[in-house]
Amino acid sequence: MKRNAICFIVAVCILGTASCKKPESEQPGTQQEIQKKPTVEQDNSEIAAYNSETAEDNSETAEDNSEIAEDAGIQRTRIEEQTFEAEMNPLGKITFVSYQPDAAAEPHGDVRFEIEQNGQLLCVLDDMTEQREGAREGEAFEQVQAVSFPDYNGDGYEDIITICTYQPDEGEPYDEVRIYEGSAEGVFVLQRELSWEAGEALAEKSISGVLGFLGAGRAENQAGEPVTGTGDTWQKAYIENIESKRGKQMNEGYALIYLDDDEIPELVEIGTCEAAGCRVVHYHDGAAYEAQLSRLNFTYIEKSGLLCNSDGHMDFLLRYCVFS
């Protein structure tokens, strides 16, 4: 009986142990888990390939950003008061944007003018200098004084005139004129020589003064319609006169006034001192003629042909000049 009981207990333990054992499929390291591993390895392979492509894309993006940073060169700030919406033939509605350089990072950096349309950059206008980013050697950009979009040459395409102020490292600040000529292709070409000549000719720079120098809007055709344009007329004669005197005598600048009753202004060269006086140049029959005034002070009645050189000599002797 005792022996039978012991056998019964052993049998129960064996059966109990068998009932507590986990199914083979649930045991660690079984064939079911081994079959899952290739799927995990395949996913890891796909992730690795994706990461590799992402890394390559990021590398290309970094290179692009590096190129952009290199091209940008100078950090610029938009000048809101000198940024305008305009209608320009043949482009249509555009945005003229002025950017000033970061003076701390680039003390000799120059202003940047851009033409944008629908938020996209169309073009960057040329600088007056040939240096990278228009850098100004020995001077610093101060401000944009004026911007205008006239059709100064009457070709049906709007042009751009700007006036900017610069501060030399030594000396007084001065204003610079830029004249960009529009075209049928929607391109604006900087007329450097003409811009320089206008700046040299005008003692005080203004849009109206530049247009006066260019002869814009002063004449009429046979139909009584305004005609603009530079042409080979009084403008060229005045420029040649200025060039002929360059280096021979010093002056404070030039001004355009209207002495006689025609639509062609007279050019006044302002001397550097009383002894130098002023020089009045007028245009007639395709040529420029000069009249030298004593001392600097004179008065005139516009379009009357009368000029009074009141401070010509001692005791304020009045001297009248008649231009016709």
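Trainee: In what order do the 4 strands of the open sheet come?
Mentor: The order is β6-β7-β8-β9, with antiparallel pairing. Strands pair if DSSP finds at least two bridges between them. Helices (H or I, at least four residues) and strands (E, at least two) are DSSP runs, numbered from the N terminus.

Trainee: Which strands stand at the edges?
Mentor: β6 (139–148) and β9 (189–190). Each has a single partner strand, so one side of each is left without a neighbour in the sheet.

Trainee: Before we go on, what kind of model is this?
Mentor: This is a predicted model: local features need pLDDT of at least 70, side-chain atom pairs count only at pLDDT 80 or more, and totals for chains, interfaces and linings use all residues. Residues are numbered from 1 along each chain as its sequence is written, and side-chain values use heavy atoms, leaving out hydrogens and water.

Trainee: Back to β6. How many bridges join it to β7?
Mentor: 8 bridges, to residues 160–168, running antiparallel. Q143 stands opposite T165 in β7.

Trainee: Which helix packs on the sheet by β9?
Mentor: Helix α3 (residues 192–201), which touches β8 (174–181) and β9. Contact means heavy atoms within 4.5 Å. The direction of α3 makes about 145° with that of β8. Axes are lines fitted to C-alpha atoms, for helices over the stretch in contact, with angles from 0 to 180 degrees between N-to-C directions.

Trainee: And what does helix α4 lie across?
Mentor: α4 (residues 207–214) lies across β6, β7 and β8, at about 120° to β7.

Trainee: There's a glutamate in α3, E197. Buried or exposed?
Mentor: E197 counts as buried, because its relative accessibility is 13%. The cut-offs on relative accessible area are under 20% for buried, over 50% for exposed, and partly exposed in between (1.4 Å probe, protein chains only).

Trainee: What is E197 in contact with?
Mentor: F213, I239 and E243, leaving aside neighbours within four places in sequence.

Trainee: Switching to the nonpolar cores. Which residues touch the most other members of the largest one?
Mentor: I179, V210, F213 and L214, out of 24 residues. Such a core is a set of buried Ala, Val, Leu, Ile, Met, Phe, Trp, Tyr and Cys residues joined through side-chain atoms within 4.5 Å. β7, β8, α3, α4, α5 and β14 (278–284) each supply at least two residues of this core. A second, separate core of 19 residues includes I79, M88, V147 and Y166.

Trainee: How many aromatic pairs are there?
Mentor: The count is 7. Rings of Phe, Tyr and Trp (its six-membered ring) pair if their centres lie within 6.5 Å; planes under 30 degrees apart are stacked, over 60 edge-to-face, the rest tilted. One of the pairs is F141 with Y166, edge-to-face at 5.9 Å centre to centre and 70° between the planes. F141 is in β6 and Y166 in β7, 25 residues apart. Both are buried.

Trainee: Why is the W234 and Y238 pair edge-to-face?
Mentor: Because their planes are at 65°, with ring centres 5.5 Å apart. W234 and Y238 both lie in helix α5 (residues 234–245), about one turn apart.

Trainee: What lies over the face of Y166?
Mentor: R136, at 3.8 Å from the ring centre. The rule wants NZ of Lys or CZ of Arg within 6 Å of the ring centre and within 35 degrees of the ring normal.
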